[in-house]
Amino acid sequence: MTDEGTSDSGGAPAGESGYTYAEAGVSIAAGNALVRAIAPLARATARPGATSELGGFGGFFDPRAAGYADPLLVAANDGVGTKLKLAIEYDRHDSVGIDLVAMCVNDLIVQGAEPLFFLDYFATGKLNNDVATRVVAGIAEGCRIARCALIGGETAEMPGMYGPGDYDLAGFCVGAVERGEQITGEEVAPGHVLLGLASSGVHSNGYSLVRRLAADLSWKLDRPALFDQEQLLIDALIEPTRIYVASLLPLLKAGKVDALAHVTGGGLLENIPRILPEGARAVVDADSWDQPRLMAFLQAQGRIEPAEMARTFNCGIGMVLAVAPDLVDEVAAALTACGEDVSRIGMIEAGQRGCTVRGSQGTWAARSDWEATHEG
């Protein structure tokens, strides 16, 4: 080792101590403290097949211990998007972790896969352990709701990459389904009924538009919402994405549902066609469920065209099921018993693969390439 402080070849000035990682803005001690703080949160999500112990280079999971004989593994990853900007600005860090888990596990369940384990990625410019712990507590809560184990993750402190107080999240989830039991949508045919499960709010899509409206129209997010004087507007907007796993998994294992669509970016118009075989067209009656007051508020405030609403927001429906006619009542009753708000929102008809949304405000369609068009 050379003493660079006494050389003329650069490095720390003579007589001064050398550079440290902490002086560059990264605290290894803070990172270690965070791992110690969140370890109990991870252990609380333990399930058969996982130990949920943090600190190693990777997390193990045993599918056989989880009860699978010949599983197909299904993987999904996602983020929370610019909803995080609202969480950061208004100190609402406790529930965005639920959003992170929801966006991944809801994508797994639509393929018939049971979420098994989850890993997160938390990146920030300067680590704030209080904020990070609150975020990870939300992730652990989302895993508990989804019945999957939080087996690891990564915290990255990157000075200069993010502004003061900013952070970003990504999530990675792996699920399993027994070979031959995966949901492909191949059984969907004309005559199938579409059931919609109510969303809990905006979920995690469309927030760039929400934030643009808030800025341009000078919304006071820390005041009661115009549509609900008992709730602050920020709390209505930050409501976490609903996780549908526990309600849907028993029905999927029993073979009662032929296809599901998680309504995320692209809304109803672009997500429903993804579950349809050729020759099947979804026809949705937009008047068959009550538009949530929050959605009506966004549409009115932004003078958003109905077609744009149907492509940007979930419009109050977070998950769509395609069910054989003779099973509709049984499936709806089971979901209602699990606490879901279920609506019969449409049918599958013969036609070009795609989706048509009809209602009192007009008719809009998406073809098999998911391009939305206005039909009248």
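When I say contact today, I mean heavy atoms within 4.5 Å. Helices (H or I, at least four residues) and strands (E, at least two) are DSSP runs, numbered from the N terminus. What you see above is a predicted model, where local features need pLDDT of at least 70, side-chain atom pairs count only at pLDDT 80 or more, and totals for chains, interfaces and linings use all residues. Residues are numbered from 1 along each chain as its sequence is written, and side-chain values use heavy atoms, with hydrogens and water left out.

Let's start with helix α11, residues 328-337. Val-328, Val-331, Ala-332 and Leu-335 are buried there; buried means under 20% relative accessible area, exposed over 50%, and partly exposed in between, with a 1.4 Å probe and protein chains only. These four sit on the same side of α11, because they cover an arc of only 95° around the axis, the arc being that of the directions from the helix axis to the C-beta atoms. Asp-329 and Ala-337, on the other side of α11, are exposed. What do the buried residues of α11 pack against? The partners are β5 (193-198), α7, β10 and β11 (342-350). After α11 comes Gly-339, with a positive phi near 95°.

Two of those partners deserve a stop. Strand β10, residues 317-323, holds Val-323, which is buried at a relative accessible area of 0%. Setting aside neighbours within four places in sequence, Val-323 contacts His-192, Val-193, Leu-195, Lys-256, Val-328 and Val-331.

Helix α7, residues 245-253, brings in Ser-247. Is Ser-247 buried or exposed? Ser-247 is buried, with a relative accessible area of 8%. Its side chain makes a polar contact with the side chain of Glu-340, at 2.7 Å. A polar contact is a pair of N or O atoms within 3.5 Å; within protein, one must be able to donate a hydrogen and the other to accept it, and residues adjacent in sequence count only if both atoms are side-chain atoms. Not counting residues up to four places away in sequence, Ser-247 touches Leu-335, Cys-338 and Glu-340.

Now for the nonpolar cores. Such a core is a set of buried Ala, Val, Leu, Ile, Met, Phe, Trp, Tyr and Cys residues joined through side-chain atoms within 4.5 Å. The largest has 107 residues, and Phe-118, Tyr-167, Leu-298 and Leu-321 have the most contacts inside it. Helix α3, residues 96-109, supplies the largest share of this core, nine residues. Another core, of 10 residues, lies apart from it, and includes Phe-61, Ala-66, Ile-151 and Val-174.

Finally, the rings. Rings of Phe, Tyr and Trp (its six-membered ring) pair if their centres lie within 6.5 Å; planes under 30 degrees apart count as stacked, over 60 as edge-to-face and the rest as tilted. By this rule there are four aromatic pairs. Phe-122 and Tyr-167 are stacked, because their ring centres are 5.1 Å apart and their planes at 20°. Phe-122 lies in strand β2 (residues 114-124) and Tyr-167 in strand β4 (residues 167-178), so this pair ties together parts that are 45 residues apart in sequence. Phe-122 is buried at 3% relative accessibility, and Tyr-167 is buried at 5%. Phe-227 and Phe-297 form a tilted pair, 5.3 Å centre to centre with 55° between the planes. Both are buried, and together with Trp-219 they form one aromatic cluster.
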